[in-house]
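Q: Could we go through the charged side chains of this protein together? I would like to see which of them pair up and where they sit.

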Amino acid sequence: RLEPEMIVDLGDGSTYISADVFADSGVDIPTKWGKVPGTDALGMGGLGVGSDPADVTSIAEAAEKVDDLGTTEFHGEKVHHFQATIPFAEAMAANPDVADQFDQLGVEMPTELVYDLYVADGNELRGVSFGFDLMGQKLTVEMVFSAYNDIEPIVLPDPSDVTETDLPDM
């Protein structure tokens, strides 16, 4: 199971991605981190998440339906669980470059994406997850939000631990 680590640097408009993501891509990353241009390097905006994942507005606006699944525990906190279903084409409309890459692959894509949304008291988003099959593999994305109104400094990787590259074509 691959659990990539990413750091987005809005200052220079790039994303640092843990080198294990590149393992089977043919891209040689001899350091701990690969640095790629752009702040949506893995196309998350194209999957309906938007540039601010803590703002679920983009998901809610695109949803064909939203189901209230009641309360549950999420990472040790009691939260409200919702499922939002959006058409896959709608998610891809937000990022045509990602849609083009999927088209080039010639693979069948799902007709919809189902997002699980976990919301704490005060309407603070605690988590978003979704998944779908891609080329025989299950792609699952989970984002966990643990701090609001608490600014912790983001530490960028040491330059000696970074290889600048572009993402490989899919």
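Q: What do the side chains of Asp 67 and Lys 65 form?
A: In this predicted model, Asp 67 and Lys 65 are joined through their side chains by a salt bridge, with an N to O distance of 3.7 Å.

Q: And how accessible are Asp 67 and Lys 65?
A: Asp 67 is partly exposed, at 29% relative accessibility. Lys 65 has a relative accessible area of 44% and is partly exposed as well.

Q: How many salt bridges does a search of the whole structure find?
A: The search finds four salt bridges.

Q: Which residue does Asp 12 pair with?
A: Asp 12 forms a salt bridge with Lys 35, and their closest N and O atoms are 2.9 Å apart. Asp 12 belongs to the loop between β1 (6-9) and β2 (14-18), while Lys 35 belongs to strand β3 (residues 33-37), so this pair ties together parts that are 23 residues apart in sequence.

Q: Is Lys 35 buried or exposed?
A: Lys 35 counts as buried, because its relative accessibility is 14% and the cut-off for buried is under 20%.

Q: Moving on, what about Glu 77: which side chain does it meet in a salt bridge?
A: The side chain of Glu 77 meets that of Arg 126, at 2.8 Å from N to O.

Q: Which residues are linked with Glu 77 in a network of salt bridges?
A: The network links Glu 77 with Glu 124 and Arg 126.

Q: How accessible are Glu 77 and Arg 126?
A: Glu 77 is partly exposed, with a relative accessible area of 29%. Arg 126 is buried, and its value is 13%.

Q: New topic: where does Asp 116 lie?
A: Asp 116 lies in strand β6, which covers residues 112-120. This residue is buried, with a relative accessible area of 15%.

Q: Which side chain does Asp 116 join in a polar contact?
A: The side chain of Asp 116 is joined to that of Gln 83 by a polar contact of 3.0 Å.

Q: What else is Asp 116 in contact with, leaving aside neighbours within four places in sequence?
A: Besides Gln 83, Asp 116 is in contact with His 81, Phe 82, Gly 127, Val 128 and Ser 129.

Technical notes:
Residues are numbered from 1 along each chain as its sequence is written. This is a predicted model: local features need pLDDT of at least 70, side-chain atom pairs count only at pLDDT 80 or more; totals for chains, interfaces and linings use all residues. Side-chain values use heavy atoms; hydrogens and water are left out. Helices (H or I, at least four residues) and strands (E, at least two) are DSSP runs, numbered from the N terminus. Buried means under 20% relative accessible area, exposed over 50%, partly exposed in between (1.4 Å probe, protein chains only). A polar contact is a pair of N or O atoms within 3.5 Å; within protein, one must be able to donate a hydrogen and the other to accept it, and residues adjacent in sequence count only if both atoms are side-chain atoms. Contact means heavy atoms within 4.5 Å.
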